[in-house]
Amino acid sequence: MSVGVSTSASLPPASDTSMVTSTFSLVDYVVFILLLVLSLAIGLYHACRGWGRHTVSQLLMADRKMGCFPVALSLLATFQSAVAILGVPSEIYRFGTQYWFLGCCYFLGLLIPAHIFIPVFYRLHLTSAYEYLELRFNKAVRVCGTVTFIFQMVIYMGVVLYAPSLALNAVTGFDLWLSMLTLGIVCTVYTALGGLKAVIWTDVFQTLVMFLGQLAVIIVGSVKVGGLGRVWDVASQHGLISGFELDPDPFVRHTFWTLAFGGVFMMLSLYGVNQAQVQRYLSSRTEKAAVLSCYAVFPCQQVALCMGCLIGLVMFAYYQEYPMSTQQSQAAPDQFALYFVIDLLKGQPGLPGLFVACLFSGSLSTISSAFNSLATVTMEDLIRPWFPRFSEVHATMLSRILAFGYGLLCLGMAYISSQMGPVLQAAISIFGMVGGPLLGLFCLGMFFPCANPPGAIVGLLAGLIMAFWIGIGSIVTSMGSSTAPSPLNGSSFSLPSNLTAVTMTTLMPSITLSKPTGLQRLYSLSYLWYSAHNSTTVIVVGLTVSLLTGGMRGRTLNPRTIYPVLPRLRALLPLSCQKRLHCKSYGQELSVDTATFPEKMSNGMLGGSSDKEAMVGSEEASACQGSSATFVLQETSL
């Protein structure tokens with residue numbers, strides 16, 4: 001999940017391997033190659049199985065027959081990238097265990113999607129999350145959401161391929177472009193040919209490899225320093241074990257409130273409305289299986305977070321007994337974990353290869369999810385609505401071509417990332433900047449029935465402007481400041497690691513004696529509040545514009561696209577209180593004749609959209625619709 005990791009101008013260039021000694025043995029190469037071969041084999045197995053009989057639904061949605069266990073592990077792997085595996089230990093090593101409290105936000109961050117977003121999306125029988133936006137608003141809002149997501153992912157997937165390869169090259173001497181090409185080609189082949197089912201099952205395998213690689217480091221490291229008890233004692237003696245920091249200031253980088261509650265919005269942007277995750281929920285065979293898979297991610301996320309934090313503590317204890325070399329002490333923080341692992345596991349044949357396989361598993365799972373989700377939204381949101389008469393064979397072939405195309409684009413973006421230098425920081429943080437506004441757009445539609453299409457579009461634009469203003473402003477401000485080691489509450493910005501939010505903490509934030517004021521104060525907002533701030537901007541601006549433009553008057557509103565907040569809250573009250581509150585129940589609202597509303601069809605179009613005028617003209621439909629609108633407005637005013 002979200003981690004502290006650093007990228008800066010001090011990162012060694014790709015070609016500088018003069019001080020690097022590769023510790024890879026033949027066994028290590030065998031372990032690493034085995035990962036790639038097995039990942040490719042799983043993809044080709046699902047591609048060859050039923051070849052020629054595949055449909056678009058099978059390719060993009062795994063025929064909606066997946067169980068909760070593989071979906072849960074795939075949900076975890078999607079946002080557990082190599083950047084996260086390297087970043088969490090570095091964060092703990094540098095700043096202490098305060099970051100561990102991020103686990104508190106996982107509960108609400110997964111409970112809300114399980115009981116609000118999943119039921120709404122699943123019952124609408126969607127393929128792309130952005131189809132919801134057309135059902136709730138109109139086609140223009142759907143296209144805006146889709147284009148925003150594509151922009152976010154295209155920028156992101158090149159960086160997530162390049163950054164781990166660069167760190168690996170600097171530490172182990174692995175050829176940079178060979179590792180990038182290997183990752184890109186293997187991932188593209190099994191994603192394009194095998195579809196979502198291949199991606200999910202390779203995610204399961206790669207998640208197990210990630211856990212094994214991290215577990216090996218914890219076991220070997222703790223044994224070398226005298227056990228986990230000794231690790232904890234050393235960390236306590238040096239003040240690395242953090243208590244509850246209850247400062248409510250949102251401008252402090254990490255506090256309990258920032259991690260536990262600001263992190264909830266970050267989790268919602270990842271696990272609630274991100275297409276890569278929504279697609280996995282919708283591939284489940286039943287709604288109950290989708291909800292259970294969301295529940296199952298919770299313990300998996302806690303285990304992943306604990307393992308990353310323990311590696312950081314073991315690394316700290318290890319370097320108290322075995323001081324760093326000059327090269328290690330001058331490395332960028334995101335390379336600390338790699339140097340530590342290579343130093344720790346040298347002379348243990350197979351274990352360095354297992355950890356490198358662990359890193360590449362993180363990259364493969366993240367990139368394959370990006371390819372698949374991009375191919376899905378492009379096909380369902382941008383192509384099929386405009387070319388509804390595509391045959392199933394041609395649509396399936398085009399879906400595979402799109403996945404291949406995005407694979408090539410990923411390699412191109414990785415090359416561009418290698419040429420960007422300091423601008424790479426801005427490119428990395430774009431992923432985190434866009435997640436919040438998209439969350440706000442979905443919340444605006446789902447929780448506020450008076451919101452209309454103009455409000456949604458203007459709100460999204462306002463959220464994106466606010467996100468880029470604060471995000472870029474924070475980076476520019478930190479770059480223009482005097483270089484110094486990063487303080488505990490130093491400036492940071494968000495890199496959703498993994499389709500996630502990963503925090504990129506620059507090595508060059510300013511340490512000013514005086515407290516920042518004005519815009520600089522705004523730019524120092526903790527990265528974990530970015531999603532909350534930006535999504536709130538979308539909702540406030542969207543509601544204001546909607547009310548100024550007449551709300552939903554004269555427009556049709558599908559009640560199945562609205563989540564009834566107040567009736568659900570009312571149901572939690574004692575029966576005596578419920579009777580005093582005169583409000584229609586959710587069951588009454590569901591009695592509306594939903595057959596009169598546009599329905600999503602197999603070609604990506606909304607059925608019945610051409611009949612809207614006739615539908616509004618129908619007296620019976622008008623009466624039903626009026627009843628629903630009345631309930632909705634009552635709920636909003638209450």
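**Notes on salt bridges and a helix pair**

1. Glutamate 380 is buried, at a relative accessible area of 2% (buried is under 20%, exposed over 50%, partly exposed in between, with a 1.4 Å probe and protein chains only). Its salt-bridge partner is arginine 384, with the closest N and O atoms 3.3 Å apart, and arginine 384 is buried too, at 7%. A salt bridge here is a side-chain nitrogen of Lys or Arg within 4 Å of a carboxyl oxygen of Asp or Glu.

2. A word on the basis: this is a predicted model, where local features need pLDDT of at least 70, side-chain atom pairs count only at pLDDT 80 or more, and totals for chains, interfaces and linings use all residues. Residues are numbered from 1 along each chain as its sequence is written, and side-chain values use heavy atoms, leaving out hydrogens and water.

3. The structure holds nine salt bridges. One of them joins glutamate 287 to arginine 123, with the closest N and O atoms 3.0 Å apart. Glutamate 287 sits in helix α12 (residues 287–321) and arginine 123 in helix α5 (residues 105–123), so the pair ties together parts that are 164 residues apart in sequence. Helices are DSSP runs (H or I, at least four residues), numbered from the N terminus.

4. Lysine 139 is partly exposed at 26% relative accessibility, whereas glutamate 134 is buried at 10%.

Methods
Helices (H or I, at least four residues) and strands (E, at least two) are DSSP runs, numbered from the N terminus.
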